[in-house]
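Visitor: Hello! I am new to this structure and would like a close look at a single part of it. Could you take me there and then show me around?

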Amino acid sequence: MFAGFMLHTWLVATVVALVAGVVGLFVVVRGSAFAAHALPLGAFPGAAAATLLRLPPGVGLAAFALLGVAGIARLGRRGARDVATALTLVTLLGLGALCLSLTSEYSAAIYALLFGQVLGISARDVVVTFALGAVALAAAALLYRPLLLSSVSPDLAAAQGIAQGRMDLWFLGLLALATVMTLPVVGALLVFSLLVGPPAAARAVAGRPLAATFLSAGIALAIAWAAIALAYVSNWPVGFFVGTLGAAAYAAGRGAAAWRSRRARQAVAGAA
Amino acid sequence: MREPGLQTSDPGGEGALALEVEDLRAVLGGRPVLNGVSFALEAGRFCGLIGSNGAGKTTLLRTILGLQAPAGGTVRIGAGPAAGPRRGPPAVGYVPQRVLLDPDLPLRARDLVALGLDGHRAGLPLPSPARRRQVDEMLAAVGAEAFADQRVGRLSGGQQQRVLIAHALVRRPPLLLLDEPLSSLDPGSAAEIVALLGRLAAVQRVAILLSAHDINPLLGEMDRVVYLARGRAASGPVAEVVRGDVLSDLYGHHVDVLRVHGRVLVVVAPGGDVPDPAGHATVVGGREA
């Protein structure tokens, strides 16, 4: 599994996991798991549309992800955020159904986009992923404090001159970037698990924002690597391993936190 | 009331104005909420902003903060220019109404206070000794050292209120606004927070404007009051404002201020256009200051 043709896979998975782990922490702190679910699913039909127009699938993914951001941000401005997200998602899925019905050939590429594809990653894919990953991580670092404060409490952020609407747009943009990068590797159905499982586990264990961020990236990395290794050995889809390992990480994080708080209570009781 | 030269010649000194509101008008959803509200607040004053629900307390605070554009009039903060579109964060500390903090937030009390210091800045919150010292000082000033390293979402209501006050004050603004900070606290915690605010006003020389629908918990600590009704305000020392003739004038019909056994009861008779949806007498009472 460490053969030359797998090198690209390891490289891409590493970048994708780091970005998903970092962006995912904001997804969880912001309570935006539904948006993190809707954007990848809504972006996926973009690949079908691109196939129809004889464009690279990545272009379609990016275009549909941006449509998703615009829809959620524009419609969600009046507060009905869940409804806006759902409407955007069903519109994009509807477009995708149309595009898929218009393409006569059943594309293996589209199947791969749904469930993930770890083989056949070209050198150009690696370069693009590294460039997008660098942009995403730099943006997350730059926006870190305002984004964190606006995720903790929009009112507190507004009092410091941080406009909620603008932060929403930045957050969704970051989420779209992470989606477009992550989707080809783990598949549209499971981007969500890489964006939510690791940060949910990390925040159960780490009580500080930066520690939780790094831990989330670390857990995402461990899951991505383990999933690829297991997929290689077993020949099962990588998405299966990402999904189950993500859920397992969350359960382990919860368990560790519960165990720690029980120990703390016992220590208090013992001292009294 | 104000001596024009004071705020520039003696900016943090005795009697320096921290806030000056002049003929302020505000509209909310097409409805006029504030109709020419004027008052001033000196550094180190602890002022209650009293009014019933819908009297415009939150609108007034948000307008002072610059979150809502006034329909007319001016707001002047510290020795600075009148409020308007401005760059960067405003020099006002603010504790909003009902801040809901998720118990699972990976955020300690001290992290939230640090975000008050530099949450608007770009970049990662890397540790720095100067930052840590400022945060530690503020945590000590509000009596939050004991739970500084606990997750902020898991603290009690009173503890969270202390942390939010530290978050709002850590940049040492000349003015602190609090929107109904006592509404979700039990009487004991409310009394502790009011005492803390009284101390902070005196020690840090910050002017404090706290909104409440009940004047009761504030008496004894606050030294100024702004009474809001029908879009207008009556303001001044408590003993000069909480009087039958002043409040009758504000409400536009007869109001009695009763002093019974050292307590003050403000009784607004039903009728008129007093914003009282229930239609019965509004009683706002408390111990005389």
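Does B:Arg131 count as buried or exposed?

Guide: Welcome! Please keep in mind that this is a predicted model. B:Arg131 has a relative accessibility of 16%, and because buried means under 20%, this arginine counts as buried.

Let us look at the surroundings. B:Arg131 belongs to helix H4 of chain B, which covers residues 129-141. Setting aside neighbours within four places in sequence, B:Arg131 touches B:Ala114, B:Leu117, B:Asp118, B:Pro125 and B:Leu126, and from chain A it touches A:Arg145.

From there we can turn to the nonpolar cores. The largest one has 148 residues. Those with the most contacts inside this core are A:Leu175 from chain A, together with B:Leu112, B:Ile165, B:Leu176, B:Leu197 and B:Tyr227 from chain B. Helix H1 of chain A, residues 4-30, supplies the largest share of this core, with 15 residues. Another core lies apart from it and has 28 residues, including B:Val21, B:Val37, B:Ile77 and B:Leu177.

Take helix H2 (residues 33-52) and helix H3 (residues 57-75) of chain A: their axes come within 7 Å and cross at roughly 140 degrees. H2(A) is therefore oblique to H3(A), and the crossing is right-handed. On the H2(A) side, the contact is made by residues including A:Leu39, A:Gly42, A:Phe44 and A:Pro45. On the H3(A) side, A:Gly60, A:Leu61, A:Phe64 and A:Ile72 are among them. By class, the contact of H2(A) with H3(A) has 13 nonpolar, four polar and no charged residues.

Further along chain A, helix H9 (residues 188-205) packs with helix H10 (residues 209-234) at an angle of about 130 degrees, and their axes are 8 Å apart. That angle is why H9(A) and H10(A) are oblique to each other, and their crossing is right-handed. From H9(A) come A:Leu194, A:Pro198, A:Pro199, A:Ala201, A:Ala202 and A:Val205, which meet A:Ala212, A:Leu215, A:Ser216, A:Ile219, A:Ala220 and A:Ile223 of H10(A). The residues of this contact divide into 11 nonpolar, one polar and no charged.

To return to where we began, B:Arg131 sits in H4 of chain B, counts as buried, and has A:Arg145 among its contacts.

Key:
Residues numbered from 1 in each chain as written. Chains lettered and ligands numbered in written order. Predicted model: local features only at pLDDT ≥ 70, side-chain atom pairs only at ≥ 80, totals over all residues. Heavy atoms only, no water. Core = buried A, V, L, I, M, F, W, Y, C linked by side-chain atoms within 4.5 Å. Buried < 20%, exposed > 50% of the residue type's maximum accessible area, 1.4 Å probe, protein only. Helix = DSSP H or I, 4+ residues; strand = E, 2+ residues; numbered from the N terminus. Axes fitted to C-alpha atoms, helices over the stretch in contact; angles between N-to-C directions. Parallel < 35°, antiparallel > 145°, perpendicular 65-115°, else oblique. Left-handed = near helix turned anticlockwise from the far one by under 90°. Contact = heavy atoms within 4.5 Å. Nonpolar A, V, L, I, M, F, W, Y, C, P; charged D, E, K, R; others polar.
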